[in-house]
Amino acid sequence: MNKKLKILLSGGGTGGHIFPAIAIADEIKKRFPDSEFLFIGANGKMEMEKIPQAGYSIEGINIAGIDRGNILSNLSLPFKILKSLSKSKKIIKSFSPDFAIGTGGFASGPALYEASKLGIPIFIQEQNAYAGITNKILSKKAKAVFTAYPQVEGFPSEKIKFLGNPIRENIIFGIQETSQAKEKMGLDKDKLTILSVGGSLGSRTLNNAWTAHLNDLKNKDYQLIWQTGKLDYKDIIEKNKSSNNPNIKIVEFIKDMETAYSAADMIVSRAGAIAISELAVAQKPVLLIPFPFAAEDHQTKNAMNLVERNAAKMVKDSEIQEKFWETLSEITEHENVRKEMAENLTFFSKPNATKEIVDEIFKIIKK
């Protein structure tokens, strides 16, 4: 590229939308240090804080999604959409980007829609196995849609590029040999180790499931690394005192996830898009418990993609009491099951996703 590049990005609302956008921007910046970047985000959402922390400029628009809990609050939504489209258009005309990338979230709809109307090439990075309405509409104008699953309903198949989700570099480069990681965490390297993660805030469903089986755990020679989240942490510490099981390591939050993944012989997790992409790179057998209230139940659809390839097992949130321990035991008690699931998970392992997404963008732009 002979000229200074200008790149527009939009993604926010959750870390699952924000992190991929930052990762893509970082990769472009590595290749073209003089590039200029501008993000469009939703006022009041976490991207307005996280994007500047990552070193990028961001402009906010007043946009929100449909509030299913308060129908009356949606009366103002058409006006918000019109205003956000108008402001997005002004921002884009002023910035004049060479291309635009959307990673999901409220703001990416107006931003990418207006960019496409102005003749600017747009690209979509969809993290989940199910596309939301906005991305379905935008995909018709997109030059390419980058996905973490081979088929995503609602996208033109010829535009899908199955390249995976951008994930943290410390996960990509930090996976270690299992016994080494167990020793690092102060665990017995000869004991089967289960890692339970419910996202940064924890999962009450998972916490309740483990609590209900404290006695079962005591009868098994398993080690459990149990990430509880902040809300349940103290209560679980007290409950485990009465159980008096030294094989349970209870933590509120895990900062060194690469070591925790490495130490595990199997993992129990929610089915968020980025979590699944990290688990695929870690290549450990996994039991997925999808969060049932995610938009369009996308976590269940994420999990089903793995289950259909025998790369994971799944228990629905509503069936946790009846099926959790039985399904967990299928994995823990059969080494051949664990091995087969780990091998099948390699299909979804895309450690070079960020680089390959940027490669593809520039290949298309050069055409």
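Residues 24 or more positions apart make up 63% of the protein's contacts with a separation of 6 or more; contact means heavy atoms within 4.5 Å. This is a predicted model, where local features need pLDDT of at least 70, side-chain atom pairs count only at pLDDT 80 or more, and totals for chains, interfaces and linings use all residues. Residues are numbered from 1 along each chain as its sequence is written, and side-chain values use heavy atoms, leaving out hydrogens and water.

Of the 367 residues, 53% are buried. Buried means under 20% relative accessible area, exposed over 50%, and partly exposed in between (1.4 Å probe, protein chains only).

Helix α8 spans residues 204-212. Helices (H or I, at least four residues) and strands (E, at least two) are DSSP runs, numbered from the N terminus. Thr205, Leu206, Asn207, Ala209 and Trp210 are buried in α8. The buried residues of α8 pack against several elements, among them β8 (193-197), α10 (230-243) and α14 (320-332).

Now the charges. The structure holds 19 salt bridges, each a side-chain nitrogen of Lys or Arg within 4 Å of a carboxyl oxygen of Asp or Glu. Lysine 161 pairs with glutamate 360 at 3.7 Å, N to O. This pair links distant parts of the chain: strand β7 (residues 160-162) and helix α16 (residues 353-366), with the partners 199 residues apart. Lysine 161 is partly exposed, at 27%; glutamate 360 is buried, at 14%.

Aspartate 317 and arginine 270 form another salt bridge, at 2.7 Å, N to O. Its partners sit in loops, 47 residues apart. Both aspartate 317 and arginine 270 are buried.
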